[in-house]
Amino acid sequence: LVEEKNKALEETLSQLRAMQSQLIDAEKMASLGQLTAGIAHEINNPINYVKGNVGPLRRDFEEVRTLFRRLCAVEDADDVVAALHKVLAYAREIEADYLFTEMDQLLKGIEEGANRTREIVEGLRAFSRSELDTFKQVDIHTGMDSTLRLLSHKLKGRIEVTREYGQLPLVACLPGKLNQVFMNIIANAIQAIETRARAGGATGADGYIGHIRVQTELEPGCLEQAVPCVRILITDDGGGMPPEVQQRIFEPFFTTKDVGEGTGLGLAISFGIVEQHRGKIEVNSVPGAGTTFTLMLPMDQPD
């Protein structure tokens, strides 16, 4: 009888873990869904830049090719000197010196557009990847930068981000899940700043610029285990939260957002992910002044 109960409990635990994993993935996809329009716009901008440079580059290339063909034909001309003068005249006509400069600029623009698109795609891949619970040694700052790139369309002209990164070694973590924590906290910070801006009737164009500060530092001994860990602070100057909201902020399905703006699961799932890392997440908020989320993660994980 005891063995049967133990087996039933093990099956139930396995099912709960599977459901938890599905819930985390579902919340991640919901976050991506909310970002889709902005990300599409972000990708569209560099792609349009690349497309816009292709036409002028093709015209320049045709003129250079014509110049090259005429130059190659000079040695077969009856009057080489006259033919060479015609080539030089054509070179002046198409402003060959400027033409080469323009081609360099167009190629540089195409390269920048391609690099920007690659950065966005890499950020999406880093955020959306599904991973087994296998910890990897990664650069925390790379994940944070990827998250900020994905949210850049929500920041432009309205919110300034300050990065105060400390010197950190690689940290053992679940990169995709940790990026999800960063995404949830920073997205909440952006929304808090936007809410404060609307309440005050201000926008970036009217002079109000919100601020988000991301700080990282190495702690020699913290958490209950008194082990080396990384401390990550994400601070915004949004409207802040009253004590009664702070007390419930990590509860599943608790949200102060309007219907359709959030699942109420983002911070609850973030809390669980940090616990999975044997870490700790805290919130400190002052109404009217802003909010700071503090994450403490051990440098290493048990084998």
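Ground rules first. I am working from a predicted model, where local features need pLDDT of at least 70, side-chain atom pairs count only at pLDDT 80 or more, and totals for chains, interfaces and linings use all residues. Residues are numbered from 1 along each chain as its sequence is written, and side-chain values use heavy atoms, with hydrogens and water left out.

Whole chain. I found eight helices and seven strands, taken as DSSP runs (helices H or I, at least four residues; strands E, at least two) and numbered from the N terminus. Of the 303 residues, 40% are buried, that is, under 20% relative accessible area with a 1.4 Å probe, protein chains only.

Aspartate 237. I located aspartate 237 in the loop between strand E5 (227–236) and helix H7 (243–246). Aspartate 237 is buried and has no salt bridge (a side-chain nitrogen of Lys or Arg within 4 Å of a carboxyl oxygen of Asp or Glu). The nearest side chain of opposite charge is arginine 196, 4.6 Å away. I also noted that the side chain of aspartate 237 reaches the backbone nitrogen of histidine 211 at 2.9 Å.

Surface patch. I then looked at Leu71, Leu84 and Leu88, which make a nonpolar surface patch of about 250 Å². Leucine 84 sits in helix H2 (residues 80–93). I wrote leucine 84 down as partly exposed because its relative accessibility is 37%, between the 20% limit for buried and the 50% limit for exposed.

Key: Lys and Arg count as positive and Asp and Glu as negative; His and the chain ends are not counted. A polar contact is a pair of N or O atoms within 3.5 Å; within protein, one must be able to donate a hydrogen and the other to accept it, and residues adjacent in sequence count only if both atoms are side-chain atoms. Patches are made of residues with over 30% relative accessible area and no salt bridge: like charges are joined within 9 Å, nonpolar side chains (Val, Leu, Ile, Met, Phe, Trp, Tyr) within 5 Å. Accessible areas come from the Shrake-Rupley method with a 1.4 Å probe; for residues, only the protein chains shown count as cover.
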